[in-house]
Amino acid sequence: MPMEARAASCQSLPPAGRQDFGWLALLFILFCIHPPALALERVVLQLKHIHQFQFAGYYAAIEQGYYREAGLDVQLAEGVDGRRVDEAVLSGQADYGVGGSSLLLGRLAGKPVVVLAVIFQHSPVVLLMRQQGGAPDVRRLEGANVMVGAPGDEASLLLSKMGIARNAMLHVPSSDRAGDLIAGRISAISAYSTNEPDYLDRAGMPYYQFTPRTVGIDFYGDNLFTSEHELRRRPERVKAFRAASLRGWQYAMRHREEMARLIHARYSQRHDIAHLLYEAQQMELLLQPVLVEPGYMNPLRWQHIADTYAAMGMLPAGATASRAYQGFLYQPQVDADLGWLYLSLGVAGSLFAVAAVVHFTSLARERRRSERTIRQGEVRFRTMFEESPMGIALIDTVSGQFRDINPRYLAITGRSLEQLRHCTWRDITHADDVAFEQEELAQLLAHQLQGFRHAKRIVRPDGAIVWVDAAVTAIETAGEGGPHHLCMLEDVTDKRESEALIWQQANFDALTQLPNRRMFHERLRHALAQGRREGARIAVLFIDLDHFKEVNDTLGHHQGDILLIEAARRIRLGVRETDTVARLGGDEFTVILPDLDDLQQIDRIARHILGSLQAPFVLGQEQAFVSASIGITLSPDDADNIEDLLKHADQAMYVSKGAGRNRYSYFTPALQVAAVNRMRLSADLRTALRERQMQLHYQPVVDVRSGHLLKAEALLRWNHPQRGLLAPLDFIALAESSGLIAEIGDWVFHTAAEQLQRWRAQGHAIGWPGLQICINQSPLQFLREGEAPGAWLRHLQALDLPASAIVLDLTEEVLQAAGSGVVRRLAELRQAGVQIALDDFGSGLASLTQLQQCGIDYLKIDGAFVHRLAPGASELALSEAIVTVAHKLGMRVIAEGVETPAQRTLLLGMGCDEAQGFLFSTPLAIDDFNLRWLAQYSLAT
């Protein structure tokens with residue numbers, strides 16, 4: 001139709017018809033701009049876990065229609081234990097997923113994942129540990145059952161950073177974590193601060209909570225992510241899905257109660273509404289919606305996470321600079337389709353006329369709406385300000401006066417609004433922290449800084465100190481009459497205390513509060529460096545408590561701990577203020593004596609320590625006696641490095657033990673040679689029994705008057721393949737320190753008892769069935785082996801030997817450690833018929849009371865006394881006194897080391913009962929003993 005005709009036809013329409021035609025034209029234009037809605041695209045979002053408030057933003061985006069507006073039909077897939085979210089997304093089972101910071105590990109391992117948005121600004125992962133009394137100490141988890149997730153889990157990294165190796169714990173498969181912890185099946189779990197603590201609190205279970213952030217492990221929590229494949233093929237869908245999800249999170253965090261009811265009604269009843277609200281409250285601290293826009297992620301923060309993984313050996317250094325990292329963080333692209341731009345300009349021109357008509361009629365309405373929006377924004381901002389979990393204050397930068405303060409700021413400072421109105425920030429800040437903040441504010445006023453962060457102390461009116469992390473930002477304020485700044489505070493007092501506790505546990509012994517091995521090494525390293533600079537000498541003392549194991553085994557570990565605490569106190573009192581006393585473990589202590597200008601100082605300190613430790617230790621109703629063996633080495637004389645100094649001091653300490661204990665010895669080069677020999681001999685000792693190198697020799701014990709054989713003492717010998725025949729003095733100390741003494745002692749007992757049984761079977765009863773075997777037992781074995789007496793008695797019964805055939809030789813060390821357990825064990829043996837002999841009497845400190853309490857049958861006078869017996873000698877008087885007292889107490893006396901007829905005559909004169917020594921016979925191998933003594937007696941009878 002010609003233009004004129006169309007115009008004529010329009011003019012011929014009635015007014016109403018022309019109006020309808022105009023509306024039809026407008027509808028046509030709008031149809032071009034907004035075509036009919038297409039079918040929604042179906043996408044799947046894979047969640048990490050089961051439905052709970054942790055995913056509230058996605059429920060809100062569905063229920064509020066944000067996904068529908070974006071043209072998406074979103075299906076939520078619950079997490080399943082053992083199913084990895086990234087694998088579900090990369091395999092195409094899901095289009096999007098919710099994952100942790102371990103996505104970075106996957107990306108650098110070659111998985112094409114892309115993080116779209118960070119939801120949790122801080123990870124909710126914590127370590128929950130059962131309270132077991134005492135201070136919280138993660139070292140108790142060594143050897144315990146735990147559920148702590150994979151090696152990349154923040155709880156695993158926390159334990160690793162605190163020195164607990166992963167293989168030092170027993171890992172239990174994940175199940176009902178909170179239930180297993182409550183039931184005591186496990187000692188610790190990796191948990192979410194938003195979840196498990198609520199159930200533990202409800203159960204009334206006491207627990208410790210360790211947060212990875214206290215040791216510098218600050219990871220992002222939940223992250224929304226997709227695959228590179230999805231991003232390349234559908235960039236617009238990715239953009240729309242991300243935007244709708246973040247809108248959902250904004251809504252969810254503003255309507256927490258509504259979302260809790262919605263989740264409970266439509267998604268899951270596993271958690272009640274109270275728990276969902278608990279989740280929401282805890283999540284606010286992790287999302288920080290007031291301070292951070294949902295979805296915000298900082299590339300520097302991801303670099304920090306990569307650096308943390310690298311420090312733990314899970315990533316190489318500088319991983320974020322690699323090509324594999326490129327593209328890991330999503331960056332929205334600006335739409336570059338110019339065709340749509342031209343179309344939009346054309347449509348805009350077409351609508352300009354219509355808009356002009358509508359503009360003036362809606363201007364007033366729009367102004368009213370804008371004013372209402374501004375008022376709503378002000379109310380919303382004020383609500384956020386008042387309800388913020390962080391303390392916020394508006395402060396006049398010049399005067400320091402407070403202009404506006406939220407309730408949390410008041411709570412942190414411990415003051416009322418009226419009190420803060422009448423003071424400045426300087427008045428509430430610790431005096432030592434004012435100068436730094438004042439300097440930073442000066443730079444803020446000079447526009448050299450826009451803001452700064454720092455840690456400082458707030459002093460409350462009652463004098464209490466509160467540690468805070470403060471963030472200060474310059475802010476423009478209309479009509480306030482000068483520059484102002486916004487100060488935001490976060491109370492980190494608990495975090496500081498946790499960090500201090502962790503540092504204390506890592507560097508100090510929990511029992512004695514002395515520096516531990518780690519701190520000792522650090523201080524010795526510092527002392528050595530200072531000594532090199534100043535040319536000064538340093539001494540290291542290695543202290544080992546004598547007889548401590550006996551006290552620990554007889555009186556119990558609790559009393560042993562009390563003794564160690566008191567010993568640590570006494571050692572500290574014996575050194576200078578500049579010296580370091582440390583406990584390496586067990587009953588081993590070390591002392592660092594730096595800056596020595598007089599070597600006699602070492603002797604004075606060592607003597608003082610020895611003297612203080614000799615005083616009795618009062619342990620409840622008992623008294624214990626210990627002494628100390630001290631080894632001393634010097635730097636730079638003996639060595640100038642930590643390893644060699646400790647080795648030399650340890651060798652010198654063993655010299656002190658070998659020389660009789662309760663003394664100190666200095667290191668000499670010859671000790672190193674002896675230490676090497678001792679190490680080789682210890683290694684040989686482990687195979688000696690198996691290769692039948694051990695043998696027993698027998699020395700007769702005779703009646704002093706008649707010379708008749710009464711007993712045979714079994715004496716251990718080691719027939720070493722290279723060193724020849726070795727006496728016990730050469731290897732028993734090694735057997736005790738290596739733990740072989742029990743095995744060797746059992747072999748001696750069984751072998752001696754079986755020999756006696758053979759003698760009796762052969763008819764060599766020496767005239768009567770009373771021949772006895774004397775068996776020496778190590779004090780360490782006697783005090784440790786609670787079951788040994790019973791086993792020995794059963795063995796005698798199996799051999800059809802009476803218990804009275806055995807005389808057990810014990811040293812005075814057993815009596816010195818005699819608590820109720822030792823007395824009871826001796827009583828059990830004597831009741832069974834075993835006789836007890838006290839060996840080397842006179843060489844120790846055994847008292848008459850102890851002799852009476854322990855029911856001793858024989859006193860054996862030490863050979864050192866017998867050797868010096870002579871008319872008028874003090875040893876003669878002492879020996880006579882021993883014999884007299886022993887007879888008064890109902891004991892018989894055996895003299896050891898009798899070598900001359902004159903000694904025998906003196907012993908006979910004082911009434912000594914029995915004797916042994918070279919005068920009668922040396923220790924003999926079994927064949928020689930049979931030939932000389934049994935055959936001789938058979939002929940005599």
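Start by selecting Ser627: its relative accessibility is 9%, so this residue counts as buried (under 20% relative accessible area, with exposed over 50% and partly exposed in between, using a 1.4 Å probe and protein chains only). Before you go on, note that this is a predicted model, in which local features need pLDDT of at least 70, side-chain atom pairs count only at pLDDT 80 or more, and totals for chains, interfaces and linings use all residues. Residues are numbered from 1 along each chain as its sequence is written, and side-chain values use heavy atoms, with hydrogens and water left out.

**Around Ser627**

Ser627 sits in strand β21 (residues 627-635); strands (E, at least two residues) and helices (H or I, at least four) are DSSP runs numbered from the N terminus. Leaving aside neighbours within four places in sequence, Ser627 is in contact (heavy atoms within 4.5 Å) with residues including Leu545, His547 and Arg661.

**Strand β3**

Next, select residues 96-99, which form strand β3. Tyr96 and Val98 lie on one side, Gly97 and Gly99 on the other, and all are buried. In a regular strand the side chains alternate between the two faces of the sheet. Show strand β1 (residues 41-46) too: β1 and β3 pair in the parallel sense over 2 bridges, pairing being counted if DSSP finds at least two bridges between two strands. Gln46 has Gly97 as its bridge partner in β3. Strand β10 (residues 223-227) pairs with β3 in the antiparallel sense over 4 bridges, and there Asn223 is the bridge partner of Gly99.

**An open sheet**

Which strands come next? Follow the order β7-β6-β8-β5-β9, an open sheet of 5 strands with mixed pairing. At its edges are β7 (170-171) and β9 (207-210), each pairing on one side only. Inside the sheet order, select β5 (residues 125-130) and β8 (residues 188-192), which pair in the antiparallel sense over 5 bridges. Met129 stands opposite Ala188 in β8.

**Two helices**

Finish with helix α11 (residues 235-254) and helix α12 (residues 256-267), whose axes are 5 Å apart. Tyr251 and Met253 are among the α11 residues in this contact, and Met259 is one of those in α12.

Definitions and conventions:
Axes fitted to C-alpha atoms, helices over the stretch in contact; angles between N-to-C directions.
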